[in-house]
Amino acid sequence: MNCKAPLMTLLLALAAGAALAGPLDKTECIAPAKPGGGFDLTCKLAQSALMDGKYISDPMRISYMPGGIGAVAYNTVIAQRPAEANTIVAFSGGSLLNLAQGKFGRYNENDVRWLAAVGSDFGAVIVAESSPLKSLSDLIAAVKADPTKVVFGAGGTVGSQDWMKAALTARAAGLDPRSMRFVAFEGGGEAITALQGGHVQVYSGDASEAEEQMKAGAKIRVIAVMADKRLEGRLAAVPTAKEQGMDIEWPIIRGFYVGPKVSDADYKVWSETFDKMMATPAFNKLRAERGLFQFAKTGADLDAFVKQRVAFYRTLAADFGLNVTPAK
Amino acid sequence: MNLDAWHALSLRRTLLLALFPGLLLVVGAELWLTWRTAMDAANAAYDRSLLGAIKAMDANVSTASGGIGVELPYRMLEFFELTASGRVFYRVATEDGLVEIGNADLPPPPQALVTGQPQFSDASYFDEPVRVGSYARKLDRPLAGQAAPQRIVIQIAETLQSRQAFTRTLVWQSLARDLALVVAATGLLVLAVGWALRPLARLRAEVQARPAQDLRPISPRGIPADVRPLVEAINHHVERSRAQTDARRRFVDDASHQLRTPLATLATQVGYALRETDPLLQHEALQAIKSQLDEAVRQTNQLLALARIDSVEPSPEPVDLEVLAQSVARRWWAEARAGGIDLGLEPARGPVRVAAQPALLNEALSNLLHNAIRYTPRGGHVTVKLRSAAARAWIEVVDDGPGIPDGELARAGERFFRASNVRQPGTGLGLAIVKSIAERIGGRLHLGPGPNGRGLSAMIDLPAADAQGKPAPLGRTLESQLKVAGR
């Protein structure tokens with residue numbers, strides 16, 4: 001009897017601890033870039049939607065871990081923080097493209113638990129507000145005239161999704177993507193800063209981050225969106241690439257993953273929370289405010305979608321002569 | 001190449017042709033060196049600022065977030081582009097390839113980077129030559145779950161406009177300096193050659209202005225040392241040809257002077273003989289004519305001999321004096337006996353060789369013997385003595401005849417000089433011939449009283465020859481030799 005009392009106390013304490021340290025307590029969202037890009041935007045959507053819907057009690061912390069457009073964060077989470085149940089990491093279609101090319105080091109798409117896709121985005125061709133380039137044909141003409149005078153900014157290096165968007169545009173115009181000048185940045189925020197500073201002339205980024213930056217007062221102009229039809233809201237006036245004679249669509253999903261050793265229970269808590277939250281009109285409003293379109297998937301559904309997407313990117317990258325990792 | 005044709009060019013042209021391309025070659029080499037030095041200097045200076053930019057970039061790399069953040073120093077890069085007056089490219093990457101920022105396709109450093117040691121290399125980026133500075137360091141902490149901190153590589157590249165401008169300026173300056181040098185050197189050369197050749201022009205004017213008869217030596221004063229041997233050689237040549245001309249004139253003078261008298265005498269004698277009717281007296285007159293003719297023939301022969309000596313070209317060959325003396329003495333043996341004179345030969349202790357023309361030496365010794373035998377009274381002695389010592393050889397003819405009075409010794413050997421104490425007929429040419437021959441073959445004739453102050457000693461002093469018959473180097477003269485002997 002004597003020894004049962006301390007055991008009970010320990011069990012009680014553990015239960016209380018478990019209740020205290022649930023996956024939704026002291027949550028953190030890692031944006032694997034510098035502030036101001038698409039990852040930041042994704043984290044901010046989760047932060048405000050979770051808080052507004054009272055799914056969490058403390059405000060979600062957003063931390064920035066730049067490095068290789070998600071590569072450093074992907075490696076860090078798998079190697080060092082694989083079981084942190086209250087940490088979610090933002091990802092995008094670009095992350096999946098990089099995974100397909102092995103740019104995330106020795107890990108592949110099976111090494112994390114894909115949690116939720118919260119919206120979709122489209123590629124956009126962005127220039128500085130003062131730029132003489134008003135359309136895709138202006139851009140193509142300028143590149144043809146002197147490729148050294150038109151430097152493309154990109155979040156990530158050759159093979160990244162920003163590069164891929166520019167490369168698709170170039171290929172549609174009959175140019176060799178390899179002849180274009182590229183400067184890689186640590187995410188879209190940096191690229192838009194460089195665009196305004198005149199250090200690069202074009203940025204092939206995403207519509208949502210462009211909209212977000214314009215809201216914040218950035219002096220930039222979107223000359224094309226890579227969607228099947230015109231976007232709503234602020235970018236409604238921007239013609240699609242298809243309208244300008246180039247059949248390029250570049251949808252981007254945005255969402256979150258968690259570490260590989262997060263327990264099924266915690267993973268379930270997270271995915272059910274996202275399911276619930278994404279079904280609310282409040283979330284849809286917040287999502288639309290961020291310039292994202294409806295695209296909600298969680299759990300096994302998302303996992304299957306991610307694998308299928310990575311497989312597609314492998315073929316695309318191989319098509320451009322880039323290195324790809326074999327599927328597993 | 002025809003070197004003779006080359007040498008026939010004027011000195012000025014030769015010097016310019018040789019020196020001008022030479023100078024250009026030197027200038028070319030110097031320019032190449034300048035260019036290399038300037039390149040090195042430009043690289044040293046501009047690589048330093050490249051390293052500065054790399055360090056500034058490095059200072060903006062942060063791993064505080066757990067990821068890796070690079071705050072791009074745009075302001076710095078802009079200033080850097082201004083100073084490079086071209087374009088600047090950069091690349092920041094981790095070696096594991098996870099992070100890649102900037103111009104990902106910048107050419108990698110040619111050698112493996114050593115941590116903390118910058119490496120600079122020339123490369124081409126999008127067909128434009130660039131200078132790339134590369135630098136690697138370990139991150140402050142391991143990134144993305146690595147066991148050890150990985151290395152981050154920072155590369156900054158700039159186009160070469162500033163470096164090339166710098167190098168070009170230096171090379172242009174050097175080129176201008178070198179060209180000025182070439183022009184100055186060429187100008188100085190032209191002036192110096194002109195100035196150096198002026199004495200020659202003066203010399204030419206001087207020689208051209210001379211009258212034909214003026215055969216005085218050209219003064220070598222103010223003539224460049226290089227040309228002086230030429231002037232001296234010409235002087236020597238002129239002097240020789242003057243001596244020959246003199247000799248010929250002398251011959252003509254001598255001949256006209258010497259032949260006129262015997263011919264006049266002969267004419268008188270012939271006239272006398274024709275008028276004489278007495279056959280006995282006529283025979284006497286013819287005898288006198290015969291002896292006068294004999295004398296004239298001898299005189300003519302001697303004159304011709306003298307003229308030959310003056311004009312003959314020296315071509316010496318080895319002569320054994322003893323053999324020569326014996327053969328000459330043998331020829332005069334009969335005459336000496338007829339005169340009741342004891343003719344002796346006193347050879348030297350060893351063989352005596354000289355380099356001379358044997359015919360001339362023969363003539364000289366014959367003349368001396370002829371004189372000695374003619375003037376020495378019956379019962380007298382004539383001795384030929386040979387001696388040699390220290391590269392000299394002496395051939396001496398001593399008699400105990402009347403000799404030559406002391407006061408007249410100095411004049412003996414002049415043409416047509418006859419001592420006052422002789423009555424025998426003679427031409428006064430014998431000793432002159434000997435003296436000429438002695439001088440012709442590089443020796444001298446010494447005349448003096450014979451032993452015990454009686455008679456005459458006529459001695460030819462000659463340079464001895466070595467075994468090969470070459471003239472020995474000039475040794476001491478007879479005077480110094482005698483001085484040594486008399487001590």
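Helices here (H or I, at least four residues) and strands (E, at least two) are DSSP runs, numbered from the N terminus. The model is predicted: local features need pLDDT of at least 70, side-chain atom pairs count only at pLDDT 80 or more, and totals for chains, interfaces and linings use all residues. Residues are numbered from 1 along each chain as its sequence is written, chains are lettered from A and ligands numbered from 1 in the order in which they are written, and side-chain values use heavy atoms, with hydrogens and water left out.

A:Lys26 is not a glycine, yet its phi is positive, near 45 degrees. Is A:Lys26 buried or exposed? Buried means under 20% relative accessible area, exposed means over 50%, and partly exposed is in between (1.4 Å probe, protein chains only). At a relative accessible area of 64%, A:Lys26 is exposed.

Now return to chain A and its strand β1. A:Cys29 is joined to A:Cys43 by a disulfide, with the sulfur atoms 2.0 Å apart. The rule for a disulfide is a pair of cysteine sulfur atoms within 2.5 Å. A:Cys29 lies in strand β1 (residues 28-31) and A:Cys43 in helix α2 (residues 38-52), so the bond ties together parts 14 residues apart in sequence. The torsion about the S-S bond is about -70 degrees, which means the disulfide is left-handed. Both A:Cys29 and A:Cys43 are buried. Over all chains, the count is one disulfide.

Step back to chain A as a whole. It has 11 helices and 10 strands. Of its 328 residues, 58% count as buried. Contact means heavy atoms within 4.5 Å. Among contacts in chain A between residues at least 6 apart in sequence, 78% join residues at least 24 apart. The accessible surface of chain A is about 13000 Å², and carbon and sulfur atoms hold 58% of that. Such areas come from the Shrake-Rupley method with a 1.4 Å probe; for residues, only the protein chains shown count as cover.

Next, the interface. Here 30 residues of chain A are in contact with 25 residues of chain B. The area buried between the two chains is about 2100 Å², with 53% from carbon and sulfur atoms. Buried area is the accessible area (1.4 Å probe) that two parts lose on being put together, summed over both. Which residues of chain A lose the most area to chain B? They are A:Val72, A:Arg181 and A:His199, together 23% of what that side buries. From chain A, α3 (71-79), β6 (181-185) and α7 (188-197) each supply at least two residues of the side that touches chain B.

Finish in chain B with helix α9 (residues 430-440). This helix is mostly covered, with eight of its 11 residues buried. Among them are B:Leu431, B:Ile433, B:Val434 and B:Ile437. After α9(B) comes B:Gly442, with a positive phi near 85 degrees.
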